[in-house]
Amino acid sequence: MEATTAMALNIEEIREDFPILHQEVYNKPLVYFDNAASTQKPLQVVEALTNYYLNDHANVHRGVHYLSQKATDKFEAARETTKRFFNAESSDEVIFTKGTTDGINLVAYSFGEAFIKEGDEIIISTMEHHSNIVPWQMLCDRKKAILRVIPISDKGELDMEAYQNLLSSKTKLVSVVHTSNALGTINPVKEITQSAKSVNAYVLIDGAQAAPHQKIDVQEIGCDFYVFSGHKIFGPTGIGALYGKREILEAMPPYQGGGEMIKTVTFEKTTYNELPFKFEAGTPNIADVMGFAVAMDYMNSVGYENIQAHENALLKYATDQLKQNFENVRIIGEADNKASVISFLLGNAHPYDVGALLDKMGIAVRTGHHCTEPLMNRLNIPGTVRASFAFYNTFEEIDLMINALKRAEKMLM
Ligand code: PLP
């Protein structure tokens, strides 16, 4: 185990907030390295959900009574927290969604409806998650628009020269992932945005894997849209947020119709509500919004610098250990700028077999294509074994994974 890493974080204390981590599976201590799929929840988040249902629940925005106003105040306070999380200019630019996928679909449908026409081009990249591919394919089908794809290098970095060459006056939108879930690559989203702006294209950033690891600043990036999911930042499932620049959201039609999103309704004509409510039809996911805000507060209390220092140390330690202990290991994704995600292959062993054996030794990793099939095709592999670390993970857990991998190697080769 690495003894020299300077740590400002008291990991043992942090782990006390995550009871789920203190369990055994198959009589082995659980090692949870599937954080890129979903992170665990601190007690503070779980308590926010229970507290809401025990003490504060009523429908929001419509009630004159005490409880409804209390719930509404807390709901809108959570929007302020999310605004600060994004560093957005105004909380009117923050739309609550079901998560990253929902946010991208909202933009693909609504922005697509108003801004995309036949022959327009939308640029994505080879390393996108399916949720940042399929909604654009569907939009291109609807509008007879064209999807262009930025290639990547063998190291797993975007080919920025190729990107520049793809940009033209036909480009209407660039939609790229901030941090790749399969490779860990952190993309230069500010530079990508600046280039897109030189041809007057709009920019969406998929922040599903960046938000758990680093401070998000939409004004610094300069993007038009940014999306992420609550369940990947230690919050509840079924909740997330979309940031959109005010003037673009104003120009977009509603995504869904119903209550909350209207100002007045007659059988002849309906007028729509103001931002952000125009995009939040129906009773929202109030309880999970409460937990979502507490998750953001929790990340702030741990501190982004601390999170990054610890996770970078874990990433380096795990990468070194894999390379030192396994002659035939192949790390998939060796970008210079990487988050704490390691995808790898062990000799000719199928990722699924490695993952299934690790599971029996208490180690939870993800195997497969990680919802990035086109990326796996580009790399000519069926999938990878992926270990992804959060700030509550430890060097000892990496040692346990390495030992388990040694046993798996003996069994499989
Ligand atoms: N984009 C990336 C990069 C992801 O890693 C994920 C989930 O793994 C998503 C989008 C989709 O997120 P969700 O399933 O929370 O909507």
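Biologist: By class, how many nonpolar, polar and charged residues does the shell around the ligand have?

Modeller: Two are nonpolar, eight polar and two charged. Here Ala, Val, Leu, Ile, Met, Phe, Trp, Tyr, Cys and Pro count as nonpolar, Asp, Glu, Lys and Arg as charged, and the others, Gly among them, as polar. A caution on the source: this is a predicted model, where local features need pLDDT of at least 70, side-chain atom pairs count only at pLDDT 80 or more, and totals for chains, interfaces and linings use all residues. Residues are numbered from 1 along each chain as its sequence is written, and side-chain values use heavy atoms, with hydrogens and water left out.

Biologist: Which residues are around the ligand?

Modeller: A residue is near a molecule if one of its heavy atoms lies within 4 Å of it. Among them here are Thr-100, Thr-101, His-129, Ser-131, Asn-181 and Lys-232.

Biologist: In what order do the seven strands of the open sheet stand?

Modeller: Strands of a sheet pair through backbone hydrogen bonds, either parallel or antiparallel. Strands (E, at least two residues) and helices (H or I, at least four) are DSSP runs, numbered from the N terminus. Two strands pair if DSSP finds at least two bridges between them. The order here is E4-E10-E9-E8-E7-E5-E6, with mixed pairing. E4 (94–97) and E6 (146–150) stand at the edges with a single partner strand each, so one side of each lacks a neighbour in the sheet.

Biologist: In which sense do E7 and E8 pair?

Modeller: E7 (residues 171–177) and E8 (residues 202–206) pair in the parallel sense, over five bridges. Val-174 has Val-203 in E8 as its bridge partner.

Biologist: Where are the backbone exceptions?

Modeller: Most residues other than glycine have a negative phi, and most peptide bonds are trans. Asn-27 is not a glycine, yet its phi is positive, about 60 degrees. Asn-27 sits in the loop between E1 (24–25) and E2 (28–29). From Leu-275 to Pro-276 the peptide bond is cis, with omega near 0 degrees. Pro-276 is in the loop between strand E12 (270–272) and helix H10 (286–302).
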